[in-house]
Amino acid sequence: MRNTILILLLLMFLPVSVSAQFYTITRDSEILPTERRKESYNRAAKDVTEGKKNKMMVKDTLIVGPDNQKKLENISRNSDRKASLKTELQKKTDDITKSENHLPELTIPNLYKEIIRNGILYPKIVLAQAILETGWFRSSVCRNKHNLFGLTNPRTGKYYEFNHWTESVRAYYTKVQYKYKGGNYLLWLYEIGYAEDPRYVYEIIKILKSSFN
């Protein structure tokens, strides 16, 4: 009888125990793995983020080895050379501009100084020639070609063209007066046939008397 009662009591409590145990198992199996998955996902996301950061840092970081060092030095040298050449070119351009801007204006005093500066003999006679040839600096050959002495190219018969009138003064010496070996200069100009006008020498004398006395 006692055994029967014990069996009945065990049967009554067994479902409750089994149910509790099943509930515990179900709770552990459903909730705990979910939390673990969340932690795993978070850890994986963190690893991926840190991995991208590391890759970006590696990409942005230049590893300077012997070859890279040489390349960097060559690039630096080339940049310095380019900068130096640019500076030198700019300086030369500035010098040319300055020299052009400081070229003397065509006036009687400036022309006379330029004639003397070039070591030309008989500067007053040569100055009178320039006045006669250009009509007191009004001729088109003077204004357009900067040619003060009517100098022509013997091969083409055309007037020489100069960048500035000072070049014309120098050309007078290198193309005309270098041939002079002494004697009366006015007579020498006549003998070499400097001008076609037979009264050329007389016209020069007239300018000398009227302008320089």
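**View 1. Helices H3 and H6 are oblique to each other.** Oblique is what remains once angles under 35 degrees (roughly parallel), over 145 (roughly antiparallel) and 65 to 115 (roughly perpendicular) are set aside. The model is predicted: local features need pLDDT of at least 70, side-chain atom pairs count only at pLDDT 80 or more, and totals for chains, interfaces and linings use all residues. Residues are numbered from 1 along each chain as its sequence is written, and side-chain values use heavy atoms, with hydrogens and water left out. H3 and H6 pack at about 40°, and their axes lie 10 Å apart. Axes are lines fitted to C-alpha atoms, for helices over the stretch in contact; angles run from 0 to 180 degrees between N-to-C directions. Helices (H or I, at least four residues) are DSSP runs, numbered from the N terminus. The crossing of H3 past H6 is right-handed, meaning that the near helix is turned clockwise from the far one by less than a right angle. H3 supplies Asn110, Leu111, Glu114 and Ile115 to the contact, and H6 supplies Trp165, Thr166 and Val169. Contact means heavy atoms within 4.5 Å. By class, the contact of H3 with H6 holds 4 nonpolar, 2 polar and 1 charged residues. Nonpolar covers Ala, Val, Leu, Ile, Met, Phe, Trp, Tyr, Cys and Pro; charged covers Asp, Glu, Lys and Arg; polar covers the others, Gly among them.

**View 2. H3 also crosses H4 (residues 123–134).** The two axes come within 10 Å and cross at roughly 130°. That makes H3 oblique to H4. H3 passes H4 in a right-handed crossing. On the H3 side, the contact uses Ile108, Leu111, Tyr112, Ile115 and Ile116. On the H4 side, Pro123, Lys124, Val126, Leu127, Ala130 and Ile131 meet them. The contact of H3 with H4 has 10 nonpolar residues, no polar ones and 1 charged.

View 3. A salt bridge is a side-chain nitrogen of Lys or Arg within 4 Å of a carboxyl oxygen of Asp or Glu. The structure holds 3 of them. Arg117 is exposed, at 61% relative accessibility. Glu114 is buried, with a relative accessible area of 8%. Buried means under 20%, exposed over 50%, and partly exposed in between (1.4 Å probe, protein chains only).

**View 4. Glu161 and Lys145 pair in a salt bridge.** Their closest N and O atoms are 3.8 Å apart. Glu161 lies in the loop between H5 (140–145) and H6 (165–175), and Lys145 lies in H5, so the pair ties together parts that are 16 residues apart in sequence. Glu161 is exposed, at 56% relative accessible area. Lys145 is partly exposed, at 28%.

View 5. Lys206 is partly exposed, at 47% relative accessibility. Glu203 is partly exposed too, at 22%.

**View 6. Ile205 of H8 and Ala128.** Ile205 is partly exposed, with a relative accessible area of 28%. Ile205 and Ala128 are 77 residues apart in sequence. In space, their C-alpha atoms are 8.2 Å apart.

Definitions and conventions: Helix = DSSP H or I, 4+ residues; strand = E, 2+ residues; numbered from the N terminus.
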